[in-house]
Amino acid sequence: MFTTTPIRLFQTLAICSPLMFYACGGGEAPPAESSAPAAAHDPAAHDPAAHDPAAHAAPLAGGWTTSEGIATPESVYYDAASGFVFSSQIDGMPDGRDGNGRIVKLGGDGHVVAADWVTGLNAPKGLRSHDGTLWTADLDEVVGIDIGSGKVTSRVKIDGAQFLNDVAVGADGTVYVSDMMANRIYSVRDGKASVFAEGEQLEWPNGLLVDGNRLIVGGWGKPKADFSTDVPGRLFALDLQTKQKTLITPKPFANIDGLELDGRGGYIVTDYLKGKVMQVSATGEARDLRTFKPGTADLGFAPPAVALIPHMNENRVASYDLSDVLK
Ligand SMILES: [Ca+2]
Ligand SMILES: [Ca+2]
């Protein structure tokens with residue numbers, strides 16, 4: 001979720017200028033707009049999407065990469081209910097209040113359905129859906145988006161928030177959001193935010209996930225100025241009622257960013273700085289699945305084996321079939 005330095009980001013953006021688009025991304029050409037005139041009595045005439053094959057979901061598959069509309073992506077998320085893939089674009093500095101942040105809507109095969117599905121954000125990060133709403137964290141706001149219409153339906157500003165990052169949603173609709181730099185986790189319910197937990201025992205929390213009556217937390221570890229750590233983070237759980245902490249991994253092992261269930265009783269996580277995708281078993285054994293360049297931020301995962309990775313420093317998102325390495 002962080003670029004290593006502004007210079008690095010500038011270089012990345014400069015290399016991937018629009019003129020260099022095809023050389024940089026392996027992205028596909030944007031689908032042509034439908035130009036067929038609407039018939040007067042065609043009920044689909046009122047729904048432009050009905051004429052546009054790009055507007056439809058496609059089965060989720062591994063093996064694609066796209067850079068169309070992608071700029072400093074922090075999160076990629078598969079919404080099983082709609083069948084679409086969503087990716088948050090920081091576009092610029094992770095703490096930049098620049099108004100250019102957005103969310104891109106993709107089909108499960110990586111085709112871009114809407115590059116400007118949601119605009120007007122600043123630096124959106126984690127994504128997770130619940131009951132038809134897609135939630136994201138944008139600096140000091142928690143933003144709710146209606147998945148059917150793409151309209152922002154709720155914005156909750158959190159006073160005192162420093163750097164909101166990932167979001168998770170409980171069965172009752174409560175949204176949990178991590179503030180890594182403040183060592184704090186907030187809960188948001190009915191438009192009101194409150195502190196759920198705080199302090200160094202949270203290990204500078206980044207990735208979040210609700211699993212039953214537990215909030216699973218991926219710690220980054222105490223960051224230095226360049227976001228490296230002397231001691232990285234652990235994966236642990238907080239009981240949603242008692243807030244008691246239970247370790248999942250006994251030892252610090254990664255600068256954890258993305259966090260998903262693996263569909264096998266354990267977890268899939270990313271280590272942002274090492275570019276790793278890892279599997280953590282229910283008993284806390286961690287092992288590497290894939291290693292990429294640094295910048296593997298908040299991943300999506302859909303069982304049995306498709307991982308969606310934002311390559312944040314490369315301005316592209318990609319999907320991978322991990323069936324050969326998952327246990
Ligand atoms: Ca931005
Ligand atoms: Ca994150």
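Two strands pair if DSSP finds at least two bridges between them. I take strands (E, at least two residues) and helices (H or I, at least four) as DSSP runs, numbered from the N terminus.

**Entry 1: model and conventions.** I am working on a predicted model, where local features need pLDDT of at least 70 and side-chain atom pairs count only at pLDDT 80 or more, while totals for chains, interfaces and linings use all residues. Residues are numbered from 1 along each chain as its sequence is written, and chains are lettered from A and ligands numbered from 1 in the order in which they are written.

**Entry 2: confidence.** I looked up pLDDT, the predictor's confidence in each residue, from 0 to 100. The protein has a mean of 88, and 83% of its residues reach 70 or more. Over residues 1–45 the value stays under 50. For that stretch the model has 54 contacts beyond four places in sequence; two residues are in contact if their C-beta atoms, placed from the backbone, lie within 7 Å.

**Entry 3: overall make-up.** I find two helices and 24 strands in the protein. Of the contacts with a separation of 6 or more, 47% are between residues 24 or more positions apart. I count a residue as buried if 20 or more other C-beta atoms lie within 10 Å of its own, as exposed if 12 or fewer do, and as partly exposed in between, with C-beta atoms placed from the backbone. By this rule 45% of the 327 residues are buried.

**Entry 4: nonpolar core.** Such a core is a set of buried Ala, Val, Leu, Ile, Met, Phe, Trp, Tyr and Cys residues joined through C-beta atoms within 7 Å. The largest one holds 71 residues, and Val 142, Val 167, Val 177, Val 269, Ala 307, Leu 308 and Ile 309 have the most contacts inside it. Strand β5 (residues 112–121) gives the most to this core, with five residues. I then listed contacts of Val 142, leaving aside neighbours within four places in sequence; among them are Trp 135, Val 156, Val 167, Val 177 and Val 188.

**Entry 5: β11.** Strand β11 (residues 175–179) is largely enclosed by the rest of the structure, because five of its five residues are buried. Val 175, Val 177 and Asp 179 point one way, Tyr 176 and Ser 178 the other. In a regular strand the side chains alternate between the two faces of the sheet. β11 pairs antiparallel with β10 (residues 164–169) over four bridges, and Tyr 176 is the bridge partner of Ala 168. Their hairpin has five residues between the strands, with Gly 173 at a positive phi near 90°. With β12 (residues 184–189) the antiparallel pairing runs over five bridges, and Asp 179 has Arg 184 as bridge partner. Here the hairpin has four residues between the strands, and Asn 183 takes a positive phi near 55°.

**Entry 6: β15.** Five of the six residues of β15 (residues 214–219) are buried, so this strand is largely enclosed too. Six bridges join it antiparallel to β14 (residues 205–211), and five join it antiparallel to β16 (residues 235–239).

**Entry 7: open sheet.** I traced four strands in the order β1-β24-β23-β22, with antiparallel pairing. β1 (65–66) and β22 (300–302) are at the edges with a single partner strand each, so one side of each lacks a neighbour in the sheet. β22 joins β23 (residues 306–311) through three bridges, and Gly 300 stands opposite Leu 308.
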